[in-house]
Each structure stands twice: as structure tokens, then as C-alpha cells.
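The sequence and structure are shown first.

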Amino acid sequence: MSKTPLTIAGAEALRAELHRLKTVDRPNVIAAIAEARSHGDLSENAEYDAAKERQGFIEGRIMEVEGKLSHAQIIDPKLLDADGRCVFGATVTLEDMDSGNTVTYQIVGEDEADIKANKISVSSPIARALIGKYAGDIAEVQAPGGVREYEIIEVAYI
């Protein structure tokens with residue numbers, strides 16, 4: 001399996017989630033299963049069924065997060081030396097050529113993407129259009145409403 005890019009912050013968030021799943025959520029669901037078992041007949045015990053379903057979800061998520069971390073290529077944006085190019089981990093300020101609005105995005109891994117926090121996935125249409133370009137370049141993004149043009153104002157590695 002190939003390596004998946006992940007920023008340091010994204011890796012830390014996954015590690016924190018894994019720690020919580022193993023130390024808080026897993027023991028809680030085990031206790032809930034034990035409690036539900038103490039109520040007797042398991043064939044008509046909705047609490048038991050719900051707890052077992054939750055346990056399956058938690059165990060699946062633990063395996064998923066462990067897999068992501070084991071295949072992660074952790075990149076520190078501060079250590080990048082890309083000579084001003086847009087690359088994974090870069091923070092890019094863009095100006096919409098039509099509206100004149102400016103927006104700043106950080107290009108991150110798929111698991112870290114959060115548009116509310118201005119973090120876009122490296123596989124998103126905007127990020128794919130930006131990769132390899134420099135400040136002052138125009139990026140054409142294929143959007144559902146047609147092609148949008150953005151001027152790259154600044155590229156930072158923070």
C-alpha cells in the first residue's frame with residue numbers, strides 16, 4: 001500500500017483519537033455490554049444489541065485509524081523548501097478573479113480536510129489545480145458551475 005501524506009497536526013489528531021478510542025470508548029462499551037448481560041435474556045435485550053453494535057463500530061474505527069497511521073507519510077509544512085511552489089502542506093491565499101474575494105486554504109491529507117477550518121484535501125479540484133503553481137499564477141478550477149479562475153496571491157509554509 002502506498003504512503004498517504006499527512007501533516008503533523010493531522011497525525012496528532014489521529015493519535016489522539018486512537019488513544020481516546022482505546023482508553024475511554026472501548027472500556028465504556030465493554031462495561032455497557034456487561035451491564036446489559038446482567039439483565040438476563042439476550043435475545044430480546046435492545047441495550048445488549050446496541051452495545052455490541054457500538055463495540056463493532058469502535059473496533060472497526062481503531063483498525064482504520066491504526067491503518068492510516070501505519071501508512072502515513074508525515075510532512076511538516078514548516079520544513080518544506082519548495083521555492084514558493086504550491087505543494088502538500090502549503091498555505092495558499094487565493095483571489096477569485098470574478099468576485100475579487102480572497103480566501104486562504106491549507107492543502108492537507110484527505111482525513112484532515114475541513115472546509116470550515118480552511119483545510120482542503122490534496123485530492124480536491126482546487127488543490128489539484130494549485131499544485132506546482134507559484135504566487136502570481138492563475139489556477140483554473142473545474143467547478144460544477146463551470147471553470148473558475150483564481151490568482152495565487154501568496155504561498156506560505158506554516
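## Salt-bridge network

A network of salt bridges links Glu 17, Arg 61, Glu 64, Lys 68 and Asp 111. A salt bridge here is a side-chain nitrogen of Lys or Arg within 4 Å of a carboxyl oxygen of Asp or Glu.

## Basis of the values

The model is predicted: local features need pLDDT of at least 70, side-chain atom pairs count only at pLDDT 80 or more, and totals for chains, interfaces and linings use all residues. Residues are numbered from 1 along each chain as its sequence is written, and side-chain values use heavy atoms, with hydrogens and water left out.

Helices are DSSP runs (H or I, at least four residues), numbered from the N terminus.

Arg 61 counts as buried, at 18% relative accessibility. Glu 17 is buried too, its relative accessible area being 19%. The classes are buried (under 20% relative accessible area), exposed (over 50%) and partly exposed (in between), computed with a 1.4 Å probe on protein chains only.

## A pair within helix α1

Glu 12 and Arg 15 form a salt bridge, with 2.8 Å between the closest N and O atoms. Both residues lie in helix α1 (residues 8–37), three residues apart, which is about one turn of the helix. Glu 12 is partly exposed at 45% relative accessibility, and Arg 15 is partly exposed with a relative accessible area of 38%.

Ala 13 also lies in helix α1. Its relative accessible area of 46% makes Ala 13 partly exposed. The C-alpha atoms of Ala 13 and Arg 54 are separated by 22 Å, and the two residues are 41 residues apart along the chain.

## The pair Arg 20 and Asp 25

Arg 20 and Asp 25 meet through their side chains in a salt bridge, at 2.4 Å from N to O.

Notes:
Helix = DSSP H or I, 4+ residues; strand = E, 2+ residues; numbered from the N terminus.
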